[in-house]
Amino acid sequence: MFTGIVEELGEVTAVEQLADASRFRLRGPLVTEGAKHGDSIAVNGVCLTVVDTGDGEFTADVMAETLKRSSLGALAPGSRVNLERPMALGGRLGGHLVQGHVDGTGTILERTPSEHWEIVKVSLPPELTRYVVEKGSITVDGVSLTVVEAAADFFTISLIPTTLALTTLGHKQPGDPVNLEVDVIAKYVERMLGDRAGQDPR
């Protein structure tokens, strides 16, 4: 479980294409401190399992299903990535509950800068529309954010200077893909209400 508060701006150092997967080598001295085989690290909001670590880097295998459902397949050596370790039980929940299970991908549509922040418009897949609400939470490339405007096929987010400086969202341009994870609580509520509606009223 993660919080969507990015700890480190990392970098892809190598990508090895396998038969039905890819092996990524990523640099992140902070998130690899104390990390070991089997630990989890979120990369652009995707929960990956650490295969090995060394010299401030870690390796992770990315299966075909993950490549299909996320934007990780577009990464290449030199790509910057958002990195976060799992939350510790008993710690502060700075963002919102994030699983690192990507629900879909969107595309940066527009960037509108202002004096102290920047409004970013992101396309929204139709199957995710019902989970995104004004003032609700959404994770974009692993960053926990508040929705400013929620429409049928897009949403907007407001990025403060810290987010612009310390995450990849400060560098994304119109046309760039991003990973999206909606609020898991909304999905559970939908499932429970759907099951209840389908029950025999007797």
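This is a predicted model: local features need pLDDT of at least 70, side-chain atom pairs count only at pLDDT 80 or more; totals for chains, interfaces and linings use all residues.
Asp141 sits in the loop between β9 and β10 (143-150). Phi of Asp141 is near 50°, a positive value in a residue other than glycine. Is Asp141 buried or exposed? Asp141 counts as buried, because its relative accessibility is 0% and buried means under 20%.

Lys135 also has a positive phi, near 70°, and is likewise a residue other than glycine. Lys135 belongs to the loop between β8 (118-123) and β9 (137-140). Its relative accessibility is 62%, so Lys135 counts as exposed; the cut-off for exposed is over 50%.

**The chain overall**

The protein has three helices and twelve strands. Its radius of gyration is 17 Å, close to the 17 Å that the globule rule gives for 202 residues, so the protein is as compact as a globular protein of that length. The C-alpha trace spans about 60 × 50 × 40 Å along the principal axes.

How much of the protein counts as buried? The share is 41% of the 202 residues. The accessible surface comes to about 10,700 Å². Carbon and sulfur atoms hold 53% of that surface.

The charge count is 18 positive and 28 negative side chains. The centres of the two sets lie 4 Å apart.

**Annotated segments**

The annotation "domain: Lumazine-binding", from an unreviewed entry, covers residues 1-96 and 97-193. Over residues 97-193 the chain is 16% helix and 41% strand. The end C-alpha atoms of that segment are 21 Å apart.

Gly104 lies in strand β7, which runs over residues 104-113. With a relative accessibility of 9%, Gly104 counts as buried. What does Gly104 touch, not counting residues up to four places away in sequence? The partners are Arg69, Leu128, Val178, Asn179 and Leu180. Ser70 is 34 residues from Gly104 in sequence, and their C-alpha atoms are 6.4 Å apart.

Ser144 has its place in strand β10. Ser144 is buried, with a relative accessible area of 16%. Which residues are in contact with Ser144, leaving aside its neighbours within four places in sequence? They are Thr3, Gly4, Gly95, His96, Ile138 and Thr139. Arg69 is 75 residues from Ser144 in sequence, and the C-alpha to C-alpha separation is 19 Å.

**Two partly exposed positions**

Gly54 is placed in strand β4, residues 46-54. Its relative accessibility is 25%, so Gly54 counts as partly exposed. Gly54 and Ser79 are 25 residues apart in sequence, with C-alpha atoms 19 Å apart in space.

Gln173 is found in the loop between α2 (161-166) and β12 (177-182). A relative accessibility of 43% makes Gln173 partly exposed too. Where does Arg111 lie relative to Gln173 in sequence and in space? The two are 62 residues apart in sequence and 7.7 Å apart in space, C-alpha to C-alpha.

**Sequence separation against distance**

| Pair | Sequence separation | C-alpha to C-alpha distance |
|---|---|---|
| Gly104 and Ser70 | 34 residues | 6.4 Å |
| Gln173 and Arg111 | 62 residues | 7.7 Å |
| Gly54 and Ser79 | 25 residues | 19 Å |

Note on methods:
Residues are numbered from 1 along each chain as its sequence is written. Side-chain values use heavy atoms; hydrogens and water are left out. Helices (H or I, at least four residues) and strands (E, at least two) are DSSP runs, numbered from the N terminus. The radius of gyration is taken over C-alpha atoms; the globule rule is 2.2 Å times the number of residues to the power 0.38. Buried means under 20% relative accessible area, exposed over 50%, partly exposed in between (1.4 Å probe, protein chains only). Accessible areas come from the Shrake-Rupley method with a 1.4 Å probe; for residues, only the protein chains shown count as cover. Lys and Arg count as positive and Asp and Glu as negative; His and the chain ends are not counted. The place of a charge is taken as NZ of Lys, CZ of Arg, CG of Asp or CD of Glu. UniProt positions are given in the numbering used here, feature names are shortened, and annotations may be inferred rather than shown by experiment. Contact means heavy atoms within 4.5 Å.
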